[in-house]
Amino acid sequence: MRTVAVVEAKSQFSALLAAVENGEEVAITRRGRVIARLVPDTPRSAADVFRSCWQEEGLDLEAPADVPAEPVQGWD
């Protein structure tokens with residue numbers, strides 16, 4: 001992971017974004033302390049987000065039976 005100071009990040013922002021787009025991670029520092037990280041965006045599906053929940057034992061993920069629609073008041 002590349003580490004750059006805020007001043008350098010400001011002057012080379014486009015180049016840093018290009019590096020991140022190519023998979024690199026960049027830590028931005030102020031006075032030697034990391035204050036932000038630029039990381040590549042990874043698209044995630046709902047299945048990816050909730051996969052750990054589904055893998056836990058004892059979790060009931062069975063879909064409920066379909067229930068008939070209720071009539072809507074005022075629609076004649």
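This is a predicted model: local features need pLDDT of at least 70, side-chain atom pairs count only at pLDDT 80 or more; totals for chains, interfaces and linings use all residues.
Student: What makes up the secondary structure of the protein, and which pattern does it follow along the sequence?

Tutor: There are three helices and three strands. Read in sequence order, they give β-α-α-β-β-α.

Student: Why is Thr-29 called buried?

Tutor: Buried means under 20% relative accessible area. Thr-29 has 12%, so it is buried. It is found in strand 2. Setting aside residues up to four places away in sequence, Thr-29 touches Thr-3, Val-4, Ala-5, Val-6, Val-34 and Ile-35.

Student: Why does Val-34 count as partly exposed?

Tutor: Buried ends at 20% and exposed begins over 50%, with partly exposed in between. Val-34 has a relative accessibility of 37%, so the label is partly exposed. The residue lies in strand 3. Its contacts, not counting residues up to four places away in sequence, are Ala-27, Ile-28 and Thr-29.

Student: Why is Thr-42 called exposed?

Tutor: Exposed requires over 50%. Thr-42 has a relative accessible area of 53%, and therefore is exposed. Thr-42 lies in the loop between strand 3 and helix 3, residues 46-55. Its C-alpha atom is separated by 10.0 Å from that of Gly-23, 19 residues apart along the chain.

Student: How do you know that the buried residues of helix 2 are on the same side?

Tutor: The buried residues in helix 2, residues 13-21, are Leu-16, Ala-19 and Val-20. They cover an arc of only 100 degrees around the axis, which puts them on the same side of the helix. In general, an α-helix has 3.6 residues a turn, so residues three or four places apart point the same way. The exposed residues Ser-14 and Glu-21 are on the face of helix 2 turned away from the buried side.

Student: What covers the buried residues of helix 2?

Tutor: The cover includes strand 1 (2-5), helix 1 (6-11), strand 2 (26-30) and strand 3 (33-38). Helix 2 lies across strand 1, strand 2 and strand 3, and runs at about 160 degrees to strand 1. After helix 2 comes Gly-23, with a positive phi near 105 degrees.

Student: What makes strand 1 and strand 3 the edges of the sheet?

Tutor: The sheet is open and has three strands in the order 1-2-3, with mixed pairing. Strand 1 and strand 3 each have a single partner strand, so one side of each is left without a neighbour in the sheet. From one strand to the next, the twist averages 30 degrees.

Student: How do you know that strand 1 and strand 2 pair?

Tutor: Pairing needs at least two bridges between the strands. Strand 1 and strand 2 are joined by four bridges, and they run parallel. Val-4 has Ile-28 in strand 2 as its bridge partner, and Thr-3 stands opposite Ala-27 in strand 2.

Student: What joins strand 2 to strand 3?

Tutor: Five bridges join them, and these strands run antiparallel. Ile-28 stands opposite Ala-36 in strand 3. The hairpin of strand 2 and strand 3 has two residues between the strands, and Arg-31 there takes a positive phi near 55 degrees.

Student: Why is strand 2 described as mostly covered?

Tutor: Four of its five residues are buried. For the protein as a whole, buried residues make up 13% of the 76 residues.

Student: How much of the accessible surface belongs to carbon and sulfur atoms?

Tutor: The accessible surface comes to about 6900 Å², and 52% of it belongs to carbon and sulfur atoms.

Methods: Residues are numbered from 1 along each chain as its sequence is written. Side-chain values use heavy atoms; hydrogens and water are left out. Buried means under 20% relative accessible area, exposed over 50%, partly exposed in between (1.4 Å probe, protein chains only). The arc is that of the directions from the helix axis to the C-beta atoms. Contact means heavy atoms within 4.5 Å. Axes are lines fitted to C-alpha atoms, for helices over the stretch in contact, and angles run from 0 to 180 degrees between N-to-C directions. Accessible areas come from the Shrake-Rupley method with a 1.4 Å probe; for residues, only the protein chains shown count as cover.
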